[in-house]
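Colleague: I have a structure open here and a few questions about it. Can you walk me through it?

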Amino acid sequence: MKKKIIIDYQEFNTPEELEKEDADLLGKAVAACKNSYSPFSKFRVGAALRLADGKIFTASNQESVAFPSGMCAERALLYYVLAKHPKTPITSIAIAAQKGGKLTTSPTRPCGACIQVMLDAQKRGGRPIKIILGGAEKIEVIPSVNNLAPFSFDNL
């Protein structure tokens with residue numbers, strides 16, 4: 001039997017087209033790129049998330065000379081927030097990346113490990129986490145982490 005998966009998301013050209021809350025969160029993710037420690041890849045990633053109580057947190061990617069001991073911005077942020085606020089659901093996360101001091105043209109999507117941690121956080125929170133992926137020429141808004149990984153690992 002052949003089946004098809006359709007991924008639901010929206011595409012925007014500028015932050016001004018987003019809901020104000022989403023545009024603000026994306027702006028915080030872009031600002032978080034400046035705190036990236038990425039002397040090897042020169043690829044700065046910033047992430048910002050909003051909790052259901054309105055609190056916002058940010059993080060950036062951190063590299064290590066003991067490759068691959070670095071940490072993606074998304075996981076650094078999620079692990080911190082989940083440790084400090086384990087009972088408060090995450091409502092949205094924004095991700096932005098810079099190369100050569102400029103926002104990447106297209107949105108940078110999270111890696112598989114980050115998607116899995118987002119799925120875990122979404123399950124713990126009992127509600128979808130909206131993902132806002134920012135690029136210089138387009139922005140993608142994905143209503144749930146499930147849309148990034150329809151065949152996620154959930155066998156525990």
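This is a predicted model: local features need pLDDT of at least 70, side-chain atom pairs count only at pLDDT 80 or more; totals for chains, interfaces and linings use all residues.

Colleague: How many residues are in the largest nonpolar core?

Modeller: That core has 27 residues. A nonpolar core here is a set of buried Ala, Val, Leu, Ile, Met, Phe, Trp, Tyr and Cys residues joined through side-chain atoms within 4.5 Å. Buried means under 20% relative accessible area, exposed means over 50%, and partly exposed is in between (1.4 Å probe, protein chains only). Among the residues with the most contacts inside the core are Leu49, Leu77, Ile90 and Met118.

Colleague: Which elements each supply at least two residues of this core?

Modeller: Strands S2 (43-51), S3 (56-60), S4 (90-99) and S6 (130-134), plus helices H2 (73-84) and H3 (112-125). H3 gives the most, with 6 residues. Helices (H or I, at least four residues) and strands (E, at least two) are DSSP runs, numbered from the N terminus.

Colleague: What does Leu49 touch?

Modeller: Leaving out residues up to four places away in sequence, its contacts include Leu25, Phe57, Leu77, Val81 and Ile93. Contact means heavy atoms within 4.5 Å.

Colleague: New topic. How many salt bridges does a search of the whole structure find?

Modeller: The search finds 7. The criterion is a side-chain nitrogen of Lys or Arg within 4 Å of a carboxyl oxygen of Asp or Glu. One of them joins Glu11 and Lys138, with the closest N and O atoms 3.7 Å apart.

Colleague: Where do Glu11 and Lys138 lie?

Modeller: Glu11 is in strand S1 and Lys138 is in the loop between S6 and strand S7 (139-142), so the pair ties together parts that are 127 residues apart in sequence. Lys138 also forms a salt bridge with Glu140, again with the closest N and O atoms 3.7 Å apart. Glu11, Arg109, Lys138 and Glu140 are linked in a network of salt bridges.

Colleague: Is Glu140 buried or exposed?

Modeller: Glu140 counts as buried, because its relative accessibility is 2%. Glu11 is partly exposed at 45%, and Lys138 is partly exposed at 23%.

Colleague: What about Lys130 and Asp22?

Modeller: Their side chains meet in a salt bridge, 2.9 Å from N to O. Lys130 is in strand S6 and Asp22 is in helix H1 (residues 20-32), 108 residues apart. Asp22 is buried at 5% relative accessibility, whereas Lys130 is partly exposed at 21%.

Colleague: Now the backbone. Which peptide bond is cis?

Modeller: The one from Phe67 to Pro68, with omega near 10°. Pro68 is in the loop between S3 and H2. Lys42 has a positive phi of about 60°, although it is not a glycine.

Colleague: Why mention those two?

Modeller: Because most residues other than glycine have a negative phi, and most peptide bonds are trans. Lys42 sits in the loop between H1 and S2, and it is exposed at 52% relative accessibility.

Terms used
Residues are numbered from 1 along each chain as its sequence is written. Side-chain values use heavy atoms; hydrogens and water are left out.
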